[in-house]
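Subject: Structure handover

Hello,

Below is the structure for you to look at.

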Amino acid sequence: MDTGAATATISPRGTVTGWSEGARRLLGYRASDVVGHSAAGLLAVEGSRPAGFTRTDSREWSGTAAFRHQDGRRVELALHSYPSLDGDEKAQGFVVTATADTSEPGYDRRMVEWACAQSSVAMSTFTTRSRHWRPNTVASADTGSPYPDVLDGEGADEGFLRFVDQVAQDAEPMRYERFAPGTSSSRQHAWIIEMWPVRDPSTGRVCGVGTAAFDSSDQHWARQRLALLNEAGACIGTTLNVERTAQELADLAVPRLADFVSVDLLDSVTRGEEPVPGPVDAAVVLRRVAHQSAAEGVPEAAVHLGHVDTYPAFSPPARCLATGRPVLSGTDDPDFVQWITRHEARSASVRAYGFHSIMAVPLLARGITLGVAVFARGSSSDAFEQDDLLLAEELAGRAAVGIDNARRYTREHANALALQRSLLPHGLPRQAAVEVAYRYLPAGTGAGVGGDWFDVVPLSGTRVALVVGDVVGHGLHASATMGRLRTAVRTLADVDLPPDELLTHLDDLVTHLTYDDESIPEEMPSAGEIGATCLYAVYDPVSRVCTLASAGHPPPVVLYPDGTVSVVKLSPGPLLGVGGLPFEATELELPEGTLLAFYTDGLIEARDHDIGLGLDRLCESLGSPTPSLEVTCDAVLKALLPDSPDDDVALLLARTRALHTDQVAAWSLPSDPAIVADARAQASRQLALWGLQEAAFVTELVVSELVTNAIRYGAVPIGLRLIRDRTLICEVSDASSTAPHLRRARTYDEGGRGLHMVAQLTQGWGTRQTPTGKTIWAEQPLPVS
């Protein structure tokens, strides 16, 4: 038997981590037979241990033990163990040397030198006196060892050398981890280097430092994979945007996993539609939504962002989509070569950058195929391996969930926006009281659609109602509630209620919606809890008075013709839905040409400033001269809003007009039936002055009927007014609050036909309550000249 020394390294748990050629010759086992297995399994009596040796001992140890040779015979060996200590002087590992010569009671130190020289572990010693390194054969090799680099005079690893000096100075063992570029651009070579002080046995003085380097590249790469997956959880899917999520996958994988990554999706996914479940089993058309490269500018891309490409059925991406499983391919795959050669731009890119290995991974979520991610490595990197494919599959799976969430959000958001737009005015009605312009901007963040709304409602007597409101919260529930409130406001406006009374009725409606609506699912956010603000204003171009009432809504801003800008001082009422509290109306007399700005809080509120600053900016922007209301709208939004506002914004601008004395004629009438004829005559003369003789016949009939009813059923004072604007309006007012209504007259009834005749001869008629009684009006088109 060869009596040469053998060397092995053993972990604190008793696992063999290194095995020298001498150990193979001594016991017959190859390194692959024992590395990673328990050292106790080599003993002749399995499970026993040499007397006096413990894996937690921090001292050197010598002794003998009986081992079992590979051929089964028993071998007595002399052992010597050198512990590797940490900062607490606990053993972190052992270098064990063995010799078959057990007859000598002393330990032959030459065996130690031979063991170090012949060890399969890269070992070296550093002498503090001569400051020379003495590496063993493995440590001095040009490849597979960290020492040639760290000890090179010009490119020395300063961190490593500082650790060596510290071990020599403190006489304490240390561990150093070193990294260096590997053969693949996406991986590093890693070593764990154990360092321990070497003492002179006679004096106990530290005379050098011993080191042993262990290749930890596999463990390091495993940690890197785990770190990459952990980072993917935080970096992929940060927004509800399909393209952004795909780009986050590409950015994360380059260059840590691949040199080039592309993400292509089915066109239906980019539109937010639901793809067909299951794999794609034919030549597929995909749209490029993201790519990234280790080279600046992504020069390798054969397909531009936003463009589509057809992948033939034999290509790796199409194959992975057809099977629903990832495909590892490269230049040794005929299908890969055929796919590349058939596409001129892709073929040129492969030749230029040396792409030789790719992974095509399907993007799957909830059993639905969304697209494919392709990972590629060029000439500077090794080919992908199976563990790379597993990592890419995990990354693609996380990205697919994010993309699917973004797709579903895109679809729901588009549906919500469509609902919201359908509930808002598509075009404001024609009216003469004000010139209007408006803007509506949905929120640019992921908050969902909101419940902001505005409206312009023509009223009788050329008056107009201006409305702006905001439902608390976001989403479909807020939009649906907004639609119901807007419809309710229009209905109440047709009744011609004063602003404060209208808000009272609207408040009651919201209260009923809150407690009585069982159609809203309980799991829907804000279900059963409805809160809203509203500002309702009525402007009369005849009196030039604007009457306003607010339900918790921000006040409007007014710009007078002389350039003065101010915030209207209102008595703000409670939010709609609070119930039981009154609303108060405010009247403003406005000169012709006054500009009123109605808005929702998204215009003046922001995270970086309060409402007061927002109102100041609004006043400032309104005060700047502009050629039109449309330009003013754009200027206000530009001055107050970021590119992507956090909340929905509604802005309604109204510039007042006025009806002058030559457009209005009014008379006070006594409560005397004889005055009816005189009223008809006065109306006829006024129409002649206006050049509207053709309307005289109908107008005289309307005046006769309305004045007669006011005298018969009403109370004094009685008034008659004619208004000439876009139409001809006849109004009769009295002090009674009793409103007339149409009824069907029987054959022998003497009355009951007057209002029916008025309704037939005019294009509209109605009644509105006033502070002193009521007004009955009838509207007819102007004669065509």
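Which residues do ring pairs link into a cluster? They are F160, F163 and Y176. Rings of Phe, Tyr and Trp (its six-membered ring) count as a pair if their centres lie within 6.5 Å, and the planes are called stacked when under 30 degrees apart, edge-to-face when over 60 and tilted for the rest.

Before the rest, two notes on the basis of all this. This is a predicted model, in which local features need pLDDT of at least 70 and side-chain atom pairs count only at pLDDT 80 or more, while totals for chains, interfaces and linings use all residues. Residues are numbered from 1 along each chain as its sequence is written, and side-chain values use heavy atoms, with hydrogens and water left out.

Overall

The protein has 785 residues, of which 48% count as buried. Buried means under 20% relative accessible area, exposed means over 50%, and partly exposed is in between (1.4 Å probe, protein chains only). The protein contains 19 helices and 31 strands; these are DSSP runs numbered from the N terminus, with helices being H or I of at least four residues and strands being E of at least two. Among contacts in the protein with a separation of 6 or more, 62% are between residues 24 or more positions apart, a contact being heavy atoms within 4.5 Å.

Aromatic pairs

The count of aromatic pairs comes to seven. One of them is F160 with Y176, an edge-to-face pair at 5.7 Å centre to centre and with 65° between the planes. F160 lies in helix α5 (residues 158-170) and Y176 in strand β8 (residues 174-181), so the pair ties together parts that are 16 residues apart in sequence. Both F160 and Y176 are buried.

The rings of F260 and F355 have their centres 6.0 Å apart and their planes at 45°, so this pair is tilted. The pair links distant parts of the chain, 95 residues apart: F260 is in strand β11 (residues 260-266), and F355 is in the loop between α11 (344-353) and β15 (357-365). F260 is buried at a relative accessible area of 8%, and F355 is buried, with a relative accessible area of 8%.

The sheet with β11

Strand β11 belongs to an open sheet of six strands with antiparallel pairing, in the order β13-β12-β11-β16-β15-β14. Its edge strands, β13 (308-311) and β14 (327-330), each pair on one side only. On average, neighbouring strands of the sheet are turned by 30° against each other, direction ignored. Two strands pair if DSSP finds at least two bridges between them; β11 and the antiparallel strand β12 (residues 284-293) are joined by seven. L265 has R287 in β12 as its bridge partner. Helix α7 (residues 242-253) packs on the sheet and touches β11, β12, β15 and β16 (368-377), its direction making about 50° with that of β12. For such angles, axes are lines fitted to C-alpha atoms, for helices over the stretch in contact, and the angles run from 0 to 180 degrees between N-to-C directions.

Salt bridges

R287 also takes part in a network of salt bridges with D267, R271 and E273. A salt bridge here is a side-chain nitrogen of Lys or Arg within 4 Å of a carboxyl oxygen of Asp or Glu. How many salt bridges does a search of the whole structure find? It finds 29.

One of these is D387 with R225, whose closest N and O atoms are 3.2 Å apart. D387 lies in helix α12 (residues 386-423) and R225 in helix α6 (residues 217-235), so the pair ties together parts that are 162 residues apart in sequence. D387 is partly exposed at 22% relative accessible area, and R225 is partly exposed, also at 22%.

R398 forms a salt bridge with E394, with 3.3 Å between the closest N and O atoms. Both lie in helix α12, four residues apart, about one turn of the helix.

R655 and E435 meet in a salt bridge at 3.7 Å, N to O. R655 lies in strand β26 (residues 649-656) and E435 in strand β17 (residues 434-441), so this pair ties together parts that are 220 residues apart in sequence.

Regards
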